[in-house]
Amino acid sequence: MSPNRPAPDLTGDVPAGGRAAPVTQDGPDSRGGEAGGRAPGYAPGRTLPLRVEFVRQLRRRRTMGMFAVLLALPWVLVVAFQFGPAGRGQSSLRLSDLATAGGLNFAAFALSVSANFLLVVAVALFCGDTVASEANWSSLRYLLAAPVPRDRLLRQKLVVALAYSAAAVTVLPLMALLAGTLAFGWNDITVPGTGEVIPAADVLPKFAVVIGYALVSQLVVASVAFLLSVGTDSPLGAVGGAVGLVIVSTILQAVEALGSLREFLPTFWNTAWLDALAPEPDYSGMVKGVAVSVTYSVILVALAFRRFRRRDVVS
């Protein structure tokens with residue numbers, strides 16, 4: 001090296017031509033990306049599109065298996081009523097004994113027997129498995145390294161999980177309505193307890209309200225499962241935790257010593273939709289149920305986002 005030539009600066013990034021590229025305020029930074037260290041072409045709002053997530057979840061075996069069960073259950077009930085022992089028929093005013101009075105009665109019966117367990121499992125499965133399964137497969141950290149912003153990842157996962165949950169809660173009573181109509185005819189609905197008959201045309205709009213209320217009442221299950229899903233890598237633990245909450249709430253609901261405190265339990269108003277099918281509908285219970293369910297859901301989802309932002313994802 002010539003003694004008159006200054007030593008090269010080994011601390012900077014000097015290109016092959018020997019002349020350093022100027023760095024402007026709006027130009028690329030020293031890491032070769034756009035301003036702020038962002039890679040060229042990277043747009044956070046375009047990561048993990050909903051369409052991609054919908055397709056990913058639809059192709060999973062648990063999604064297809066759960067919808068197969070929900071679609072098959074009404075037909076299994078039809079077979080049970082057709083070939084089972086003859087009951088008391090319409091001499092009894094219980095919902096189960098009025099199920100064969102027509103398609104609407106059968107759909108109401110199918111919804112009542114599935115809302116407290118089967119639909120709970122379906123909603124807990126879709127919402128509790130969505131993030132925990134990624135952690136269990138060790139793919140969650142790769143999604144975040146893509147990089148997908150954490151809030152966006154959770155939002156996309158939650159939207160898809162709620163969409164499949166809504167589809168599960170909707171498809172069962174609709175399939176039950178179809179199966180009951182084909183098996184028992186399109187007849188006016190007989191109100192359980194009173195025996196009054198309401199024209200089917202008047203009940204059909206109310207039945208849409210019933211399905212909507214069933215969706216809202218399952219929001220607590222979805223929120224609990226989602227909160228547990230962001231904190232564990234065990235999908236079964238998240239699903240089981242949400243189902244366990246419903247079981248505990250149902251047990252506490254039977255404790256009359258709790259008095260009016262039972263009204264704050266997430267399952268207390270689950271059957272309030274029966275009042276909508278009465279000749280003179282009473283929506284007061286449904287309004288209270290919506291308020292309780294939405295309040296719990298907002299709090300639980302906010303806790304899920306807060307927890308996931310601070311979580312050290314190592315799996």
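Good morning. A residue is called buried when its relative accessible area is under 20%. With that term in hand, I turn to the structure above, which is a predicted model.

I begin with helix α4. Is this helix mostly covered or mostly open? It is mostly covered, as 10 of the 11 residues in α4 are buried. Among them are Leu-118, Leu-119, Val-120, Phe-126 and Cys-127. The cover over the buried residues of α4 includes α2, α3, α5, α7, α9 and α10.

I next consider the largest nonpolar core, which has 73 residues. Which of its members touch the most others? They are Leu-70, Phe-106 and Phe-226. Helices α2, α3, α4, α7, α8, α9, α10 and α11 each give two or more residues to this core. The largest share, 13 residues, is supplied by α7, which spans 150-184.

Let us follow one of these residues, Phe-226. Setting aside neighbours within four places in sequence, what does Phe-226 contact? Its partners are Cys-127, Thr-130, Val-131, Leu-154, Leu-158, Ala-304 and Phe-305.

Finally, I move to the surface. A nonpolar patch there is formed by Val-248, Leu-252, Val-255, Leu-258, Leu-261, Phe-264 and Tyr-296. Together, these residues have about 600 Å² of accessible area. Val-248 belongs to helix α10. Why is Val-248 classed as partly exposed? Its relative accessible area is 46%, and the partly exposed class lies between the buried limit of 20% and the exposed limit of 50%.

Thank you for your attention.

Technical notes
Residues are numbered from 1 along each chain as its sequence is written. This is a predicted model: local features need pLDDT of at least 70, side-chain atom pairs count only at pLDDT 80 or more; totals for chains, interfaces and linings use all residues. Side-chain values use heavy atoms; hydrogens and water are left out. A nonpolar core is a set of buried Ala, Val, Leu, Ile, Met, Phe, Trp, Tyr and Cys residues joined through side-chain atoms within 4.5 Å. Buried means under 20% relative accessible area, exposed over 50%, partly exposed in between (1.4 Å probe, protein chains only). Helices (H or I, at least four residues) and strands (E, at least two) are DSSP runs, numbered from the N terminus. Contact means heavy atoms within 4.5 Å. Patches are made of residues with over 30% relative accessible area and no salt bridge: like charges are joined within 9 Å, nonpolar side chains (Val, Leu, Ile, Met, Phe, Trp, Tyr) within 5 Å. Accessible areas come from the Shrake-Rupley method with a 1.4 Å probe; for residues, only the protein chains shown count as cover. A salt bridge is a side-chain nitrogen of Lys or Arg within 4 Å of a carboxyl oxygen of Asp or Glu.
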